[in-house]
Amino acid sequence: MTMMFDRPLDCLADGLGDARDTRPVHVVRPESLPDLVQELVQGTGFAGSLAGWLEQTGFTASAGEIALLPGGAGVGAALLGLGSGRQAPAPEVYAGLPRGLPPGDWHLAGPEPHDAEMAVLGFCLGAYRFGALRDPDARPAARLAMQHSEGAALAGAAQARAIWLARDLVNMPANRLGPQQLAEAACEVAARFGARTALVSGADLECGYPAIHAVGRGSRRAPCVMRADWQGSAADARAPLVSLVGKGVCFDTGGLDLKTSAAMLRMKKDMGGAAIMLGLARLIMQRDLPVRLQLRLGCVENSVSGDAMRPSDVIATRAGLNVEIGNTDAEGRLVLSDLLAEACEAAPSVLIDAATLTGAARVALGPDLPALFSNDDDLAGALLQGGIAAHDPVWRLPLHPAYDSWLSSPVAHLNNVSSKPMAGAVTAALFLQRFVKKSVRWAHLDTYAWRDSASPGQPEGGDAQGLRACYKGLLRILNLHGEPDQLGNIIGTEPNRSPRL
């Protein structure tokens, strides 16, 4: 099942070769375009016609703009505009290349320097398509080749593969990706890096994760929890413990508080938080960061049946808090509550969860900006800066304590929804905070995991907003540096590694 999701990056040339048998893509800005034209005229015998060619085709080297140049046997080279200024371009600038270049292998050339990490990442994001159910063999005709020695290029490729994994999972229809299938796919991905994995279901889940059981009992497809433990090759028992938690609601009808048909249409993506956290875990393991890692995914389906939880029910949680159900469509926070409580038992150095949790976050910030909540300013700052560095922005919202009382219940320790129709993303995060120990540095990402329309490098459908921000943020807060790995492990199949734990 893994390879259906954890696909190799077939848009990269095997080995990222030495560029002798590839054609160049000259990376250029408007201010360096005249000099490049002169250089190409002198070197290729264009005899001055190149300037006229570019003028008539309208090429101005704006960001992401592509021009094809004639050669002896057809297209001999290409130009890619970076836009004006000296700011490093976002990966999306390179995303048009896989579909905009003729078939064959290409390499990036001057005159402008380029960020190899962003270039490879952008090329791969532009090459992504979800074709598993329609055209599984479709792939871009153009491939990118770069030098083996470029560690930054390897970092970009590792991030791209993690994002491809998350996108594929989110895009898969719910009838083909239920709780068991999601958990098994996650176990296969983690086990390939030597992680110790476990699936919890049945009576063990009902006992250990009562809130998850309550959410999933209304579905024929039983809920389960996926757990993985991994340790980097340079990590020991004193290494930082990174704990990741993801909401994996494979389809959300809303339960007895049934969604409208329009609101239900995209609910296959309600496991996007689990997909993003699995992608992040894959990236951490691929880069062999010197950390200890724990991953927990709550895999469940929120369905309607005679066994489904009801509004006004009071359910138990792993933390010992009883929760009154004010709305069955606020199930994601219940799934996370048990996982966060368990994660805190190990006293992690950093705890991050991700979920497609509230529509209120989208009302506040729109589809592109995940809402970030954190009980630690240093962690929040690292994630914000990581988002800027990765061109994957997140936006911090407050855990405003005055709203905490809005979750009060007359019959239980708290309600799963607020008593007021405002600040829904804030009150959802405050609910989660009840299950996080104050001593644990924690961040919560309320993300959309979807693109409503296509743009370069961001096709319509599932996406992994916040994944790169979290990765770069972890490197900052833990003062780590990702180590280069072997390219074959990124674009192909990783070698099996025996469990270290």
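Which residues does Leu244 touch, not counting residues up to four places away in sequence? In this predicted model, the list runs to Met277, Leu280, Ala281, Ile284, Leu293, Gln294, Leu295, Arg296 and Ile352.

**H12 against H15**

- Take helix H12 (residues 332–344) and helix H15 (residues 424–433): their axes come within 9 Å and cross at roughly 30°.
- An angle under 35 degrees counts as roughly parallel, so H12 and H15 are roughly parallel to each other.
- As for handedness, H12 passes H15 in a right-handed crossing.
- On the H12 side, the contact is made by Arg333, Leu334, Leu336, Ser337 and Leu340. H15 answers with Ala428, Phe431 and Leu432.

**H14 against H16**

- Helix H14 (residues 377–390) and helix H16 (residues 467–477) have axes that come within 7 Å and cross at roughly 125°.
- That angle makes H14 oblique to H16.
- The H14–H16 crossing is right-handed.
- H14 brings Asp378, Leu379, Ala382, Leu383, Gln385, Gly386, Gly387, Ala389 and Ala390 to the contact. From H16 come Arg468, Ala469, Cys470, Lys472, Gly473, Arg476 and Ile477.

**Val363, out in the open**

- Val363 sits in helix H13, which covers residues 359–365.
- Its relative accessible area is 73%, and exposed means over 50%, so Val363 counts as exposed.
- Val363 and Gly424 are 61 residues apart in sequence, yet their C-alpha atoms are 9.8 Å apart in space.

**How confident is the prediction?**

- Across the chain, pLDDT averages 91, and 92% of the residues score at least 70.
- Residues 483–501 are a stretch to treat separately: pLDDT stays under 50 there. Even so, the model has 59 contacts beyond four places in sequence for these residues.

Definitions and conventions
Residues are numbered from 1 along each chain as its sequence is written. This is a predicted model: local features need pLDDT of at least 70, side-chain atom pairs count only at pLDDT 80 or more; totals for chains, interfaces and linings use all residues. Side-chain values use heavy atoms; hydrogens and water are left out. Contact means heavy atoms within 4.5 Å. pLDDT is the predictor's confidence in each residue, from 0 to 100. Axes are lines fitted to C-alpha atoms, for helices over the stretch in contact, and angles run from 0 to 180 degrees between N-to-C directions. Helices (H or I, at least four residues) and strands (E, at least two) are DSSP runs, numbered from the N terminus. Angles under 35 degrees count as roughly parallel, over 145 as roughly antiparallel, 65 to 115 as roughly perpendicular and the rest as oblique. A crossing is left-handed if the near helix is turned anticlockwise from the far one by less than a right angle, and right-handed if clockwise. Buried means under 20% relative accessible area, exposed over 50%, partly exposed in between (1.4 Å probe, protein chains only).
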